[in-house]
Amino acid sequence: MTLRNTPPTAELQALDAAHHMHPFTANTALGKKGARIITHAEGVRLTDSDGAELIDGMAGLWCVNIGYGRHELAEAAARQMRELPYYNTFFQTTHVPALQLAAKLAELAPGDLNHVFFAGSGSEANDTNIRMVRQYWALKGQPERRTIIARHNGYHGSTMGGGSLGGMAGMHAQGGLPIPGIVHIDQPYWYGEGGDMTPADFGLARARQLEEKIIELGAENVAAFIAEPVQGAGGVIIPPETYWPEIQRIVDKYGILLIADEVITGFGRTGYWFGSQSYGIRPHIMTIAKGLSSGYQPIGGSIICDEVAQTIGQDEFNHGYTYSGHPVAAAVALENLRILQEEDIIDRVRTHTAPHLAQAWGSLADHPLVGEAVSRGMMASLALTPDKASRARFAADAGTVGYICREYSFGNNLVMRHVGDRMIIAPPLVISAADIDELVIRAR
Ligand code: PLP
């Protein structure tokens, strides 16, 4: 393919190396090699500056749920920019896209999750959650309830708050994370950490760590527990079926708030609108971002239950972002939700493409290096192992899996990621069965 108006790749790479600091990247090494430059995209396929076509097995960063090239979203943005490009929702004003989006989210979210506080990203929304749950308990007359329990290897963003809630050792090693008042329990990762236990027993044991931690801290000091229904950035770690019912029992017993971080699992990724519905859990707060706008605009937020929202509303909540509920982002998100709903994209995932992915992806389990090949909805992972019988693990820092993943699948024009000893995908929800087959061929 000939690309018009695109300078030669080497020229672009030199500019990139000279001036652009990439997130989560050793920039010096990347600069020498040269970043791959993506210039445009359609459906589930990306095109780079040399004209090569890649299958985007990661939907960008788990966000392009409706796929690339939906002009309706571009038109919604342009319309909103002409009408009202910006106004804030602070200080007793509002605007139509923000209020309509809040109402739509209240309609889609389960139970009494009826109130929305907007942010610009998932990280910001989790920062909001930290402040909101502590303020909730302060207003309830229990200001000592400040500690938030999270999980090792969870991911909740990259700000001081989000990175502290997350349990990523590499992030905690830099820049003074975690902030005080956040503690971590272990993740429900049976393949890697379950030893001789059955998945069911292991799921219960890991959930019961929450109870043990609450007792150790004193329930009167605990504000909330936060977790992703399925850990995404931690390696698409699908909890044993016993895990979430036990967590729900414990949260109910001790009366602590449950925050479901739905930044990845929201908006259809698990075959339901929200991952919480897929596991039958009842969070008080859900964190949202990514699939909310299919990544076409940066927007995130928290969907909050009646009790928490009404309590917070009793006093001025001294918190907010210039771009909370940005009108262009909100208009684009509304159009994205319309498409997800009217085109039955989520039902199709649940009834057709997720079962197809489970079967096609599952076939990778016979590869000599693959210990498990699992999926839930439209997210899937492989555990690589040097010895299937013992479920032995490659050292996470040895680089082996990263090397296989980057050099091999990228060479095959498939975007997938590695996390420690796992390789992961989360393609756009609109991927066809034929493209799933092609993706699996390229991954093999
Ligand atoms: N929470 C989860 C579960 C995520 O996966 C992410 C990002 O990957 C975030 C929060 C942070 O979102 P953002 O990168 O939009 O700040």
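Predicted model: local features only at pLDDT ≥ 70, side-chain atom pairs only at ≥ 80, totals over all residues.
Q: What makes β2 and β3 a pair, and in which sense do they run?
A: Two strands pair if at least two bridges are found between them, and strand β2 (residues 45-48) and strand β3 (residues 53-56) have 3 bridges in the antiparallel sense. Within this pair Thr 47 stands opposite Glu 53 of β3. The two strands form a hairpin with 4 residues between them, and Gly 51 in the turn has a positive phi of about 90°.

Q: How do you know that β3 also pairs with β13?
A: The requirement is at least two bridges, and β3 has 2 bridges with strand β13 (residues 414-415), here in the parallel sense. Asp 56 is the residue that stands opposite Val 415 in β13.

Q: What makes strand β8 mostly covered?
A: Of the 5 residues in strand β8 (residues 257-261), 5 are buried. In a regular strand the side chains alternate between the two faces of the sheet. In β8 both faces are covered, with Leu 257, Ile 259 and Asp 261 buried on one side and Leu 258 and Ala 260 buried on the other. Strand β7 (residues 222-227) pairs with β8 in the parallel sense over 4 bridges, and Ala 227 stands opposite Ala 260.

Q: Why is Pro 283 called buried?
A: The cut-off for a buried residue is 20 or more other C-beta atoms within 10 Å, and Pro 283 has 29, so the residue is buried. Pro 283 lies in the loop between α12 (275-279) and β9 (285-288). Leaving aside residues up to four places away in sequence, Pro 283 touches Leu 258, Ile 259, Ala 260 and Ser 276. Between Pro 283 and Asp 261 the C-alpha distance is 9.4 Å, at a separation of 22 residues in sequence.

Q: Gln 92 and Asn 153 both have a positive phi; what makes one exposed and the other buried?
A: Most residues other than glycine have a negative phi, and most peptide bonds are trans. Gln 92, which is not a glycine, has a phi of about 70° and is found in the loop between α4 (71-83) and α5 (96-108). With 5 other C-beta atoms within 10 Å, against a limit of 12 or fewer, Gln 92 is exposed. Asn 153, with a positive phi near 70°, lies in the loop between β5 (147-151) and α7 (160-165). Asn 153 has 21 C-beta neighbours inside 10 Å, against the limit of 20 or more, and therefore counts as buried.

Q: Where is a cis peptide bond found, and what is its omega?
A: The cis bond joins Leu 177 and Pro 178, with omega of about -5°. Pro 178 is found in the loop between α8 (169-172) and β6 (182-185).

Q: How do you know whether the radius of gyration agrees with that of a compact globule?
A: For 444 residues a compact globule would have a radius of gyration near 22 Å, and the chain has 22 Å, so the value agrees with the rule. The C-alpha atoms fill a box of roughly 65 × 60 × 45 Å along the principal axes, and buried residues make up 49% of the 444 residues.

Q: What makes up the side of domain 1 that touches domain 2?
A: The chain is divided into domain 1 (36-57 + 344-443) and domain 2 (73-342), whose centres, taken over C-alpha atoms, are separated by 26 Å. The contact takes 23 residues from domain 1 and 16 residues from domain 2. On the domain 1 side, the elements that give two or more residues are α15 (345-362), β11 (370-376), β12 (379-384) and β15 (422-425), and α15 gives the largest share, 5 residues. The residues of this side divide into 13 nonpolar, 4 polar and 6 charged.

Terms used: Residues numbered from 1 in each chain as written. Rg over C-alpha atoms; globule rule 2.2 N^0.38 Å. Domains from an automatic or database assignment. Contact = placed C-beta atoms within 7 Å. Nonpolar A, V, L, I, M, F, W, Y, C, P; charged D, E, K, R; others polar.
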